[in-house]
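Hi there,

Here is the structure I promised to pass on. Have a look at it first, and my notes follow below.

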Amino acid sequence: MRSLFRHNHRVVGAVIGVALIASLTACGSSDDETSGGTPVAFAIGAPVLIDSTAPYSSVPLEMGYWSDEGLSVEPQGTQGATAALQLVLAGQAEISNGGTSSMYQAAVEDPDVRVISLQKANQWKIDVPSSSSINQIADLKGKKIGVQSLSSASYLFGRAAVSASGLDPDADVEWIAIGVASQAAQAIQEGTVDAYATYSGPNAIVNNFLDDPLVDLPTPLDEIPGLAGLATTKDYLESNRDEVVGFLSGFYKGAVFADANPAAALQIHWQAYPEQKPDGDLQEAIDATVPTVEERFGYPVEPGPDGNLGAVSMDDAQEAIDFMYENGVIDEQLNAEDVVDLSPSIDANNFDIDAVKEEAENWTP
């Protein structure tokens, strides 16, 4: 199973990665003279920077959290965590976010990968319509599971959840790329797929298009910490450690702000991406959208065992790696100490969380 998965993973990832590298290169990066800060290209593992990405895209930019650190950060959407990390390894971005499944699989082949932040809470889900007769992942045998793309962490973690539930992710289920938002909703509504492997945020967006809302199936992933995070390269971290710490500080401030005042975060995001604001009255749009993002906004601000954001214990990081290896997500066993360096995240926590919360609560358009 591992050899087949590795082949598919690398081929799909390479094709998408080349296209995205070309796209990002065409977009260009800001330079110091025009931006007023050190440029940092941030590759995000989502094709569209929808409102659930506000804590780490529009909010830190608008609130000046990154510019306060002397950085000019340019968020870039990609087809998934694998594609995002490929941009980093190709030198076309400095930092990426997404599922650690992609990061650890990349580290199997490239020892230059460094995971610099790990989220404690699990955000990866397998969802089915509430009217479905499917009540557990084991019931998916012989079924079709939709995913954002075959280069996304949702696909990799979906495979892990299926494997850990006693099914063969290659033989017992069929995987179909159905995208996100309305495209995914249509595939679910029409019965093209029976379930959707996704994460909190996109699943809530999909629900906006469905009469029969999605519900989460119980998943073994909920017991595993450190399944989402941020990564860079060993060379970039060693040469630009201050920039990495500054980036993470702005990232965490954005997360704290969005969790403290989701309505403000949404309005900031809609100002940056007005085409995403729902039609009609602003307050009605806020009231309708806040419930779809509140859970998602809360994940990054759940502190690790030492009280720091983005830092789990090294034992927890190793547990996640072991789980991924045992369930065929990564091809070789890794030592967490060789791949994970959370010291920049710990240093990035040196800010006044209460002051950020107060700023969020007092925010006005």
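A salt bridge here is a side-chain nitrogen of Lys or Arg within 4 Å of a carboxyl oxygen of Asp or Glu. By that rule the count in this predicted model comes to six. Three of them are described here.

Lys253 pairs with Glu69, their closest N and O atoms being 3.7 Å apart. Lys253 sits in helix H10 and Glu69 in the loop between helix H3 and strand S2, so this bridge ties together parts that are 184 residues apart in sequence. Lys253 is buried, at 14% relative accessible area, while Glu69 is partly exposed, at 34%.

Lys125 forms a salt bridge with Asp222, with 3.9 Å between the closest N and O atoms. Lys125 belongs to strand S5 and Asp222 to the loop between strands S9 and S10, so the two link parts 97 residues apart in sequence. Lys125 is buried at 9%, and Asp222 is partly exposed at 40%.

Arg159 and Asp170 form a salt bridge too, with closest N and O atoms 3.1 Å apart. Arg159 is buried, with a relative accessible area of 3%, whereas Asp170 is partly exposed at 30%.

Now for the nonpolar side. The largest nonpolar core has 102 residues, and those touching the most other members include Phe42, Tyr104, Phe247 and Val340. Helix H10 supplies the largest share of this core, with ten residues. Beyond its neighbours within four places in sequence, Val340 is in contact with Tyr104, Val115, Leu118, Met314 and Ala317. A second, separate core has twelve residues, among them Ile176 and Leu214.

Happy to chat about any of this!

Best wishes

Methods:
Residues numbered from 1 in each chain as written. Predicted model: local features only at pLDDT ≥ 70, side-chain atom pairs only at ≥ 80, totals over all residues. Heavy atoms only, no water. Core = buried A, V, L, I, M, F, W, Y, C linked by side-chain atoms within 4.5 Å. Buried < 20%, exposed > 50% of the residue type's maximum accessible area, 1.4 Å probe, protein only. Helix = DSSP H or I, 4+ residues; strand = E, 2+ residues; numbered from the N terminus. Contact = heavy atoms within 4.5 Å.
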